[in-house]
Amino acid sequence: AECISGCVCPAGLYDDGRGGCVEQKDCPCAHNNQWYSSGQKIKVGCNTCTCQKGVWSCSEETCYGTCMIYGSGHYITFDGKFYDFDGSCEYVATQDFCGDNNSSGSFSIITENVPCGTTGVTCSKAIKIFLGVKLKLENKDYKEIQRDVGDDVRYWNRTVGLYLVIEASNGVMLIWDKKTTVFIKLTPDFKGKVCGLCGNFDGKSNNDFTTRSGLQETSALKFGNSWKQSSMCPDATNEIKPCDIKPHRKSWAEKECSIIQSEVFKICHSKVYPKPFYEACVHDACSCDSGGDCECFCSAVAAYAQECTKAEACVFWRTPDIC
């Protein structure tokens with residue numbers, strides 16, 4: 001936002017948003033509810049932005065897109081929209097069989113969501129990838145289901161730390177923690193050409209809720225339901241609030257998840273806004289009441305840590321006592 005003259009500042013000086021008055025050349029810039037001084041740089045995706053006279057000036061590299069699905073129905077689209085959807089069915093996470101290109105796409109990724117507690121929230125239990133070859137990731141492993149003859153999309157797999165990585169020759173990569181977290185990465189060639197729960201990767205988050213029929217929705221429920229694979233599955237009809245259903249778990253969940261907003265992650269707070277990740281963590285810690293409560297908590301914190309790493313704020317948060 002531009003630095004705007006405040007009524008209490010003398011002529012020629014500007015309100016700096018922090019209770020002081022500065023010359024225009026020293027105006028700060030805002031990002032994720034934090035102020036940055038003139039000349040400071042931040043990373044946004046693969047681009048570097050510099051604060052200049054109260055306005056961000058950014059490089060214009062075309063970045064890889066990343067969509068994240070994790071925990072009890074949390075989604076961050078390729079364009080950065082954060083939302084929750086608890087449907088129990090198979091859904092299109094992302095594909096390039098969209099609109100006019102509906103018959104000539106090259107890939108489709110399906111997430112199978114199942115209940116992961118007694119409150120009704122759902123988690124991604126299995127992932128199916130269609131690349132000419134059909135792969136299924138489930139039970140901490142993957143298997144090849146079938147292969148179409150003559151298709152030239154090749155793929156490779158490797159293990160990196162906790163994650164299984166599937167990389168295809170058409171520019172699609174999937175990173176799976178063998179539990180409930182999956183990252184889908186696409187090359188810039190797919191910009192504006194994909195659809196599904198991960199949005200359309202066109203650089204704008206305000207149109208990510210585009211349904212299978214091409215309509216713009218404001219409701220995550222209506223949007224999510226439109227991408228189910230089978231009409232036999234019932235629609236998700238309401239937003240589930242597990243801490244209201246299991247209030248005795250709420251204080252424990254808030255205490256555990258406070259690590260996200262604590263000094264441990266302080267280096268990241270100004271780069272990745274922690275509040276939605278904290279709220280998602282509390283939601284998951286309340287909802288996972290069937291023996292996987294610690295696993296759900298750990299996955300939720302790991303999701304924030306991963307976003308911090310992308311923003312070049314590496315945090316060593318795991319200890320012998322925590323995850």
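This report walks through some strands, hairpins and pockets of the structure shown above. Keep in mind that the model is predicted.

Let's start with strand 14, which covers residues 133-138. Six of its six residues are buried, so the strand is largely enclosed by the rest of the structure. Here "buried" means under 20% relative accessible area. In a regular strand, side chains alternate between the two faces of the sheet. For strand 14, one side carries Val-133, Leu-135 and Leu-137, the other carries Lys-134, Lys-136 and Glu-138, and all of these are buried. Both faces of the strand are covered, then.

Who pairs with strand 14? That's strand 13 (residues 122-130), which runs antiparallel to it, with four bridges between the two. If you want to find the pairing on screen, look for Phe-130, which stands opposite Lys-134 of strand 14. The two strands make a hairpin, and its turn holds Gly-132, a residue with a positive phi.

Next comes strand 17 (residues 163-168). Five of its six residues are buried, so this strand too is largely enclosed by the rest of the structure. Strand 17 pairs with strand 16 (residues 155-160) in the antiparallel sense, through six bridges. One spot to look at is Asn-157, whose bridge partner in strand 17 is Ile-166.

Strand 17 also pairs with strand 18 (residues 172-176), again antiparallel, over four bridges. There, Leu-164 has Trp-176 of strand 18 as its bridge partner.

Here are the hairpins side by side:

| Hairpin | Residues between the strands | Glycine with positive phi |
|---|---|---|
| Strand 13 and strand 14 | two residues | Gly-132, about 90° |
| Strand 16 and strand 17 | two residues | Gly-161, near 60° |
| Strand 17 and strand 18 | three residues | Gly-171, near 100° |

Now for an open sheet with three strands in the order 5-6-7, paired antiparallel. Strand 5 and strand 7 (55-58) are its edge strands, each pairing on one side only. On average, neighbouring strands in this sheet are turned by 35° against each other, direction ignored. Strand 5 is joined to strand 6 (residues 47-52) by four bridges, and Lys-43 has Thr-48 of strand 6 as its bridge partner.

**The pockets**

The largest pocket has a volume of about 1000 Å³. Its lining counts 33 residues, and those nearest the centre are Val-44, Gly-45, Gly-80, Glu-307 and Lys-310. Strand 5 (41-44) turns up again here: along with strand 8 (65-70), helix 5 (275-287) and helix 6 (293-310), it supplies at least two residues of the lining. Which element gives the largest share? It is strand 8, with four residues. By class, the lining has 15 nonpolar, 11 polar and seven charged residues.

The second largest pocket holds about 370 Å³ of space. It is lined by 18 residues, with Asp-84, Glu-279, Ala-280, Val-282 and His-283 closest to its centre. Strand 10 (82-84), helix 2 (242-245), helix 3 (250-257) and helix 5 each give two or more residues to this lining. Helix 5 gives the most, with six residues. The lining splits into eight nonpolar, two polar and eight charged residues.

Where does the second largest pocket lie? Domain 2 (65-226) and domain 3 (242-311) both give residues to its lining, so the pocket lies between them.

Terms used. Residues numbered from 1 in each chain as written. Predicted model: local features only at pLDDT ≥ 70, side-chain atom pairs only at ≥ 80, totals over all residues. Heavy atoms only, no water. Buried < 20%, exposed > 50% of the residue type's maximum accessible area, 1.4 Å probe, protein only. Pairing = 2+ DSSP bridges. 1 Å grid on protein atoms, 1.4 Å probe; cavity = no way out; pocket = protein on both sides within 12 Å on 5 of 7 lines; lining within 4 Å. Points joined across faces, edges and corners; volume = space filled by probe spheres on them. Nonpolar A, V, L, I, M, F, W, Y, C, P; charged D, E, K, R; others polar. Domains from an automatic or database assignment. Axes fitted to C-alpha atoms, helices over the stretch in contact; angles between N-to-C directions.
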